[in-house]
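Subject: Structure handover

Hello,

Here is the structure I said I would pass on. My notes on it follow below.

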Amino acid sequence: MIAVYLAAGINHFRTPEFYYPIIPDYMVYKPLLNTLSGIAEILGAIGLMIPATRKWAAYGIVAMLIAFLPTHIYMITDADKIASAGMQLPVWAAWVRLVVIQPILIWWAWGQRDK
């Protein structure tokens with residue numbers, strides 16, 4: 001889990017243009033939101049490494065994943081707009097991310113609070 005969030009967080013800084021199209025249009029300041037997301041993922045990964053902060057890092061990751069739900073919904077409702085911006089993700093795959101992967105990631109993070 002640490003490696004996943006560390007890599008994902010770093011990727012927000014390496015290729016920020018990847019994330020801009022999937023941030024819903026009603027959310028302004030996309031570069032700021034992307035930066036905050038990257039920082040949150042990196043801090044979550046670091047927090048999981050430290051026993052004294054692991055519980056709070058797990059809560060933070062759960063909160064972050066819940067905060068990302070509007071993006072996953074946007075990837076379904078505005079798939080054509082996202083595709084025209086260059087991101088090719090089939091709608092069925094966006095549904096899998098929302099209905100299967102996100103709950104699994106939330107469950108996984110929730111389980112880290114007691115370790």
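**His72 and the helix pair around it**

Not counting residues up to four places away in sequence, His72 touches Arg97, Leu98 and Gln102. Please keep in mind that this is a predicted model. His72 lies in helix α5, and because its relative accessibility is 5%, under the 20% cut-off, His72 counts as buried.

Helix α5 covers residues 69–77 and packs with α7 at an angle of about 155°, the two axes being 8 Å apart. An angle over 145 degrees counts as roughly antiparallel, so α5 and α7 are roughly antiparallel to each other. On the α5 side, the contact is made by Leu69, His72, Ile73, Met75 and Ile76. On the α7 side, Val91, Ala94, Trp95, Arg97, Leu98 and Gln102 make the contact. The crossing of α5 past α7 is left-handed.

**The α1 and α3 pair**

The axes of α1 and α3 cross at roughly 155° and come within 8 Å. α1 and α3 are therefore roughly antiparallel to each other, and their crossing is left-handed. From α1, the residues involved are Ile2, Tyr5, Leu6, Ala8, Gly9, Ile10, His12 and Phe13. They meet a set of α3 residues that includes Asn34, Ser37, Gly38, Glu41, Ile42, Ala45 and Leu48.

α3 itself has 20 residues and reaches 29 Å from its first C-alpha to its last, close to the 28 Å expected at 1.5 Å a residue. Its buried residues are Lys30, Asn34, Ser37, Gly38, Glu41, Ile42, Gly44, Ala45, Gly47 and Leu48. These buried residues of α3 pack against α1 (2–14), α2 (16–19) and α4.

In soluble globular proteins, nonpolar side chains tend to be buried together. Here the largest nonpolar core has 13 residues, and those with the most contacts inside it are Met1, Tyr5, Leu48, Ile61, Met64, Leu65 and Ala109. At least two residues of this core come from each of α3 (30–49), α4 (54–67) and α7 (91–111). Which helix supplies the largest share of this core? That is α4, with 6 residues.

Leaving aside neighbours within four places in sequence, Leu65 is in contact with Tyr5, Gln102, Leu105 and Ile106. Apart from this core lies another, of 9 residues, among them Tyr74, Met75, Ile82 and Ala94.

Regards

Note on methods. Residues are numbered from 1 along each chain as its sequence is written. This is a predicted model: local features need pLDDT of at least 70, side-chain atom pairs count only at pLDDT 80 or more; totals for chains, interfaces and linings use all residues. Side-chain values use heavy atoms; hydrogens and water are left out. A nonpolar core is a set of buried Ala, Val, Leu, Ile, Met, Phe, Trp, Tyr and Cys residues joined through side-chain atoms within 4.5 Å. Buried means under 20% relative accessible area, exposed over 50%, partly exposed in between (1.4 Å probe, protein chains only). Helices (H or I, at least four residues) and strands (E, at least two) are DSSP runs, numbered from the N terminus. Contact means heavy atoms within 4.5 Å. The expected span of a helix is 1.5 Å times one less than its number of residues. Axes are lines fitted to C-alpha atoms, for helices over the stretch in contact, and angles run from 0 to 180 degrees between N-to-C directions. Angles under 35 degrees count as roughly parallel, over 145 as roughly antiparallel, 65 to 115 as roughly perpendicular and the rest as oblique. A crossing is left-handed if the near helix is turned anticlockwise from the far one by less than a right angle, and right-handed if clockwise.
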